[in-house]
Amino acid sequence: MRRYMKRNQTFHETLIPLLVEGIGARSYLEFGTYKNETISRVRCERRIGVDTAPIENISDIEFYRTTTAEFIREHAARLAPFDFVFIDADHSADAVEADLWGIWPHIAPEGLVCLHDTNPETEADTIPGLCGDCWRLLPLLPSSGWGESVTLPYHPGLTIIRKRVKWGP
């Protein structure tokens, strides 16, 4: 008998602000802001949203109307370091991989990255526009030496990656 996951589409909107607060993040970067449902709940000194069509309705968020690749190339180094990054733009494995490794050098030591839509429940959930195939990236993440990661077991999934620079107390 197959056990189905709870289809909680908004779990990340609650968890991410808690993680940002919990690590004491001063800077937050979100790729793919959609309706600002996550970034609007985050509380920290600096919030930056990147989207090709952002809804710029929150005055204390810096919005960049651009692609993630262009943001990384033209703005990331100047605005870094980022304590927390949420990647939720293009859900293809190639795009998520480019976003992750493109922004990685600009993430603060011990910073967190969250990848959204990494645990689709059904084949139907893997179409572009839903989870896509970004879950294919997960087995390629190195398991030691650079950081650590975990994928939470709910649909659509959230993978949390820590840019680990120190092991131990």
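A search of the whole structure finds 0 disulfides, a disulfide being a pair of cysteine sulfur atoms within 2.5 Å. Before I continue, please note that this is a predicted model, in which local features need pLDDT of at least 70, side-chain atom pairs count only at pLDDT 80 or more, and totals for chains, interfaces and linings use all residues. Residues are numbered from 1 along each chain as its sequence is written, and side-chain values use heavy atoms, with hydrogens and water left out.

Cys114 takes part in no disulfide, and the nearest cysteine sulfur, that of Cys134, is 13 Å away. Cys114 is buried, with a relative accessible area of 0%; buried means under 20% relative accessible area, exposed over 50%, and partly exposed in between, with a 1.4 Å probe and protein chains only. Cys134 is likewise in no disulfide. Which cysteine sulfur is nearest to that of Cys134? It is the sulfur of Cys131, at 6.5 Å. Cys134 counts as buried, at 2% relative accessibility.

I turn now to the aromatic residues. The structure holds 6 aromatic pairs. Rings of Phe, Tyr and Trp (its six-membered ring) pair if their centres lie within 6.5 Å; planes under 30 degrees apart count as stacked, over 60 as edge-to-face and the rest as tilted. One of these pairs joins Phe31 and Phe71, edge-to-face, with 6.0 Å from centre to centre and 75° between the planes. Where in the chain do Phe31 and Phe71 lie? Phe31 belongs to strand β1 (residues 27-31) and Phe71 to helix α2 (residues 68-79), so the pair links distant parts of the chain, 40 residues apart. Helices (H or I, at least four residues) and strands (E, at least two) are DSSP runs, numbered from the N terminus. Phe31 is buried at a relative accessible area of 0%, and Phe71 is buried with a value of 0%.

Phe71 also pairs with Tyr64: the ring centres are 5.2 Å apart and the planes stand at 70°, so this pair is edge-to-face. Tyr64 and Phe71 are both buried. Ring pairs link Phe31, Tyr64, Phe71 and Phe82 into a cluster.

Finally, I come to Thr33. Thr33 is placed in the loop between β1 and β2 (46-51). Is Thr33 buried or exposed? At 3% relative accessibility, Thr33 counts as buried. Leaving aside residues up to four places away in sequence, Thr33 touches Ile39, Gly49, Val50, Asp51, Pro54 and Phe63, where contact means heavy atoms within 4.5 Å.
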